[in-house]
Amino acid sequence: MNNTQNVNSKPRVRKETKNKIRVDFERTSFKERFKAKFLTFNFLKKVVWAIVRYILLVGVAYIVLFPFFSKISASVMSYTDFTDSMVRLIPKNFSIEIYKAIFVEQEYMRAFGNTFLLSISTAIIQTFICSFIAYGFAKFKFKGNKLLFACVILTMIIPHRTLASSIRLMFTNFDVFGIFRFFSGGGFSFLGLFEYNNDFLSSINFMQSWGPRFTSSGVNLMNSYWPFMILSFCGLAFKNGLYIFLLRQFFMGVPDELEESAYIDGSGVFRTFFTIILPISIPMMITVFLFSFSWSWTDIFYSSSQMFFNDSSKAPYLLTTTIGKKIPASLDGKVPSNTLKWDAAVKSTGGLMIIFPLVIMYLFCQKYLVQGIERSGLTAD
Amino acid sequence: MTNTVDVKKTKKKKKAASLEKKKARAGWIFVLPFVIGFVIVYFPIVFESIRSSLFYTTKVDGKFVDTFNYFNSYYQAFFHPDTGEFTQTLFSGIGEIVLDIPMILLFSLFMAVLLNQKMVGRAAFRAIFFVPVILSTGIMDAIDASAVIDTMTNADGIDDGSGGSTSGQVVDALDMQRLFNGISVTDGMLGYVTNAINDIFNIVNRSGVQMLIFLAGLQSISPAIYESVQIDGASAWETFWKITVPMISPMILVNAVYTVIDSFTSENAVMDYINSIKTKIPEMGTAISAAMSWIYFILVIAVLGIVVAILSAYTFYQKKK
């Protein structure tokens, strides 16, 4: 009651100098303002909720980051710390000998270069090819587009692990409608069901002189980057169905008027796509690029011996197939009393070195991650 | 004079008709890479996989000979003496994944709601929470696998940060069990909750993409709706259940489908078992393991169909088409 009177009462105006006036009014006392603002149930609720929220978030962030913390701490421990039972998470004596050994003995830079080349090329190809395909599905009506999109979903649903041996066979004897096979002296064949060969047909084998990869049953593409490239160029590589789905959803949200105005101005379909649609979809494309780059960087399935790299002497030297797989010779058996822990620490240091470049890239690109998906207007129809 | 007008008219008509065709052709050109890949690469692969499940390969005089087995491999997948654990592995594996799905969905929805609120350090939390998206293909698991062994054999000493030891340190399952013992819940429920808590590391690491999709969905809800509901006097609880959940329900469907596909297609016990069969049984192994893969795949499709059928009954679309 008092308060309202005070506030409503006319403030006293006093002229101080020529250009300055001073207004006097009785402010509500600090105590009462404090009471009204902070000692309410609503404020209490807010504070409690904020605290609970932070505890939850910090807790989950801890779960996500803890493996990295402990791996990092184990990786900078000197080997004397491994015999000291007092040392758990914080190292007593720092040393970077594990990093050094892996860097030099396992040729980290060579593996890094190869992996970088493979990941960046497949990621760029996949991003462009998938946006190309997705744009076709999103903006054009043609006969059979629903059936084709069902095929895209199908490629997403059938796991590549189920098809592993068939994929391997495909790229061991890679062929396009039997053409390579025919010109390498293998005769006619159709999907392994029908084969026909005779002396005349096997005399047409000029392709075999092109190199050891050309055999009479097709082209052997194992232990090379070709399988990755071919799968990427066709939008069939790891999780490409998901990328096509996400990008299609994004392009469907782009208003048709944008393209129509471009068409009226005389721009063709492809020019419109490259000069108008692609520039506005950069956040989404960065998201897809980030997915495909990092999933190909940390891939352990396609580059494993059960898939495309079945001969380790011929296969490209990649990070995931070499670093952290074995213990470097100079570190082997250095801690005889605690071999298991030492080996685990060396191996996980290798793992850290594999993901380190990825983490750096992620820090720069992560803001696009939410942005890209935010703008996709993703819906389930 | 009249002639030229006619010519113009017919020309115009022709052009208008061909625009549709032109666009359809352009559409084909856009999807051409996929069509080519599907015909040349994907179809033969699937065909070969199905074929290999139907043929036994035997070596006769140094040559491999395929003989059609009249679906015997599908029968042997269940009844061969060496595949005794197949049924059990299959159903327990699928059951585990099915139980994980609601956990992952609830967790990622909850976290997305939290990360969507305005607060200090939101960008930092978002950056941390999406780390699993980047590192989810199992490289860390593969490295950890070697490290897990020694946490089992050696209880003390340095924590090397393997995933196995993390769950034990974050929440003590025994404490949780004690807490729930006080409350009268059924044993099955108790087991489910404690399993989920023990598995929290796994769940957090598998819900990165889902969180991202939910967050995008939450961002797309118009603030005007929240404002009008607030003016009408709805509480936060009511707002969540009557506005947020219906508006986000299409995303729940998308995420459920993604979670099912992701957990079935990534490495799991069933896949490992199917792979091990290949070398375990001589001659028939390849065919039986391919047959098992297809049985597994058909069951995955069935699970997917059930999940979609259940969820789409509760899905709300703002604009009906």
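Mentor: Start with a side-chain contact in this predicted model. A polar atom of the Ser108(B) side chain lies 2.8 Å from the backbone oxygen of Ile104(B).

Trainee: Which helix holds Ser108(B)?

Mentor: Ser108(B) sits in helix H3 of chain B, residues 86-116.

Trainee: Is Ser108(B) buried or exposed?

Mentor: Buried means under 20% relative accessible area. Ser108(B) has 0% relative accessibility, so it counts as buried.

Trainee: Which residues does Ser108(B) touch, leaving aside those up to four places away in sequence?

Mentor: With that exclusion, the contacts of Ser108(B) are Ser207(B), Gln210(B), Met211(B) and Phe214(B).

Trainee: What lines the largest cavity?

Mentor: Its lining has 21 residues; those nearest the centre are Phe228(A), Trp295(A), Ser296(A), Asp299(A) and Tyr302(A). By class, the lining of the largest cavity comprises 12 nonpolar, eight polar and one charged. Helices H5 (108-139), H10 (226-233), H14 (282-297) and H15 (319-322) of chain A each give at least two residues to this lining.

Trainee: Which residues lie nearest the centre of the second largest cavity?

Mentor: Thr162(A), Ser165(A), Lys278(B), Ser289(B) and Ser293(B), out of 16 lining residues. The lining of the second largest cavity splits into five nonpolar, nine polar and two charged. Helix H7 (164-172) of chain A and helices H1 (2-54), H14 (269-280) and H15 (285-313) of chain B each contribute at least two residues to that lining.

Key. Residues numbered from 1 in each chain as written. Chains lettered and ligands numbered in written order. Predicted model: local features only at pLDDT ≥ 70, side-chain atom pairs only at ≥ 80, totals over all residues. Heavy atoms only, no water. Helix = DSSP H or I, 4+ residues; strand = E, 2+ residues; numbered from the N terminus. Buried < 20%, exposed > 50% of the residue type's maximum accessible area, 1.4 Å probe, protein only. Polar contact = N/O pair within 3.5 Å; in protein donor to acceptor, adjacent residues only side chain to side chain. Contact = heavy atoms within 4.5 Å. 1 Å grid on protein atoms, 1.4 Å probe; cavity = no way out; pocket = protein on both sides within 12 Å on 5 of 7 lines; lining within 4 Å. Nonpolar A, V, L, I, M, F, W, Y, C, P; charged D, E, K, R; others polar.
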